[in-house]
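Visitor: I would like a close look at a single part of this protein, and then a short account of some of its other features. Please keep it plain.

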Amino acid sequence: MTSATTAHSVVEPSATTRRFAGSLVVLYAIITMIPLVWIMLTAFKSPDDAISYPPKVMFKPSLEGFCNLFTTRSRQTPEFIRSLGPPQGLCDSIARDRNMVVAGPSNYVPRFVNSLIIAFGSTVLAVALGTLSAYGFSRFRVPLKDDLLFFILSTRMMPPIAVAIPIYLMYRTIGLSDTRLGMILLYTSVNVSLAVWLLKGFIDEIPREYEEAAMIDGYTRFQAFVKVVLPQATTGIAATAIFCLIFAWNEYAFAVLLTSGNAQTAPPFIPIIIGEGGQDWPAVAAGTTLFLVPIVVFTVLLRKHLLRGITFGAVRK
């Protein structure tokens with residue numbers, strides 16, 4: 001009995017080991033956060049401070065980057081600027097300090113809205129289709145199931161450039177080039193393979209007996225799926241939605257090739273923000289900082305499910 005107890009006993013890590021492991025995690029978190037913090041700091045620098053060498057850590061905060069992000073400006077003579085009267089708002093005042101006037105809004109907001117619509121729309125579709133497909137693969141006898149699952153997964157193995165030209169020619173022919181619908185369908189088709197594989201692992205771990213008991217009580221198969229399986233698969237659905245959204249939100253290659261104006265998203269637009277004399281780095285940093293907000297908020301809202309979700313299963317027999 002003593003040997004059996006010893007064989008099954010769990011050795012707890014020492015306090016020194018726990019502190020060392022915790023220190024490594026904190027150090028890794030700090031290192032990974034440095035680029036994000038630097039981008040956020042650059043968003044509040046002036047153009048001169050943003051390109052100074054050596055880089056400035058202490059600087060006078062400025063909202064010029066955000067103003068340049070949301071407006072377009074044109075250079076005018078001092079006489080013309082004085083004839084305009086008092087500045088109309090903070091951005092106009094900042095522009096006049098550089099002998100410029102605000103000519104109108106920039107294209108950042110429409111591009112940001114496109115990102116929201118395309119990313120969240122494709123995520124909803126991918127997760128919905130992936131959930132139904134994963135349930136079918138998990139609960140029914142599908143001919144050549146393993147081959148089909150491998151084929152679905154293989155669509156993620158190709159680099160985007162390998163299929164970009166055929167997709168571009170196809171979209172141009174059927175009229176989906178530079179449209180939100182076209183981008184939603186494309187991102188959905190790319191993400192649905194990931195959704196199927198992730199969600200099948202979750203649904204496999206939900207006991208079939210729950211559905212069978214519900215159907216004995218008079219539920220149809222679909223009602224049992226909606227009222228029994230879906231609530232227990234919430235963790236997996238949330239985790240899958242986060243991964244699908246991150247891909248659609250950050251995707252660059254297809255967005256560059258297939259959009260140019262009407263459906264262009266923020267990732268291709270932010271790098272081409274140009275100021276006087278070259279790249280407007282504070283505006284680029286401001287656009288990047290704002291671009292991070294929705295994905296951070298979405299992840300924080302679903303954070304309770306994420307940790308359990310990445311373990312591929314929330315309900316076990």
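Which residues lie nearest the centre of the second largest pocket, and how many residues line it?

Guide: A word on the source first: this is a predicted model. The second largest pocket has a lining of 13 residues. Nearest its centre lie Thr155, Met158, Val163, Val190 and Phe254. The space in this pocket comes to about 240 Å³. Two elements, α9 (160-174) and α10 (180-204), each give two or more residues to the lining. Helix α10 supplies the largest share, with 4 residues. Sorted by class, the lining holds 9 nonpolar residues, 3 polar ones and 1 charged one.

From the pocket, turn to the charged pairs. In general, side chains of opposite charge can pair when their charged atoms come close.

Glu211 and Arg221 meet through their side chains in a salt bridge, with an N to O distance of 3.4 Å. Glu211 belongs to helix α11 (residues 208-216) and Arg221 to helix α12 (residues 221-232), so the pair links distant parts of the chain, 10 residues apart. Glu211 is buried because its relative accessible area is 1%, a value under the 20% limit. Arg221, at 34% relative accessibility, counts as partly exposed. The pair also belongs to a network: salt bridges with shared partners join Arg139, Glu211 and Arg221.

Arg98 and Glu64 form another salt bridge, in which the closest N and O atoms are 2.5 Å apart. Arg98 sits in the loop between α6 (90-97) and β2 (100-105), while Glu64 is in helix α4 (residues 64-70), so this pair ties together parts that lie 34 residues apart in sequence. Glu64 has 8% relative accessibility and therefore counts as buried; Arg98, at 30%, counts as partly exposed.

In the pair of Lys56 and Asp49, the closest N and O atoms of the salt bridge are 2.9 Å apart. Asp49 is buried, at 13% relative accessibility, whereas Lys56 is partly exposed, at 35%.

Last comes a feature of the surface. Met33, Leu36, Val37 and Met40 make a nonpolar surface patch of about 300 Å². Of these residues, Met40 is found in helix α2 (residues 15-43). Its relative accessibility is 36%, so Met40 counts as partly exposed.

Note on methods: Residues are numbered from 1 along each chain as its sequence is written. This is a predicted model: local features need pLDDT of at least 70, side-chain atom pairs count only at pLDDT 80 or more; totals for chains, interfaces and linings use all residues. Side-chain values use heavy atoms; hydrogens and water are left out. Patches are made of residues with over 30% relative accessible area and no salt bridge: like charges are joined within 9 Å, nonpolar side chains (Val, Leu, Ile, Met, Phe, Trp, Tyr) within 5 Å. Accessible areas come from the Shrake-Rupley method with a 1.4 Å probe; for residues, only the protein chains shown count as cover. A salt bridge is a side-chain nitrogen of Lys or Arg within 4 Å of a carboxyl oxygen of Asp or Glu. Buried means under 20% relative accessible area, exposed over 50%, partly exposed in between (1.4 Å probe, protein chains only). On a 1 Å grid over the protein atoms alone, a cavity is a set of points where a 1.4 Å probe fits but cannot get out, and a pocket is an open set with protein on both sides within 12 Å along at least five of seven lines; lining residues have an atom within 4 Å of a point. Grid points are joined across faces, edges and corners, and a volume is the space filled by probe spheres set on the points. Ala, Val, Leu, Ile, Met, Phe, Trp, Tyr, Cys and Pro count as nonpolar, Asp, Glu, Lys and Arg as charged, and the others, Gly among them, as polar.
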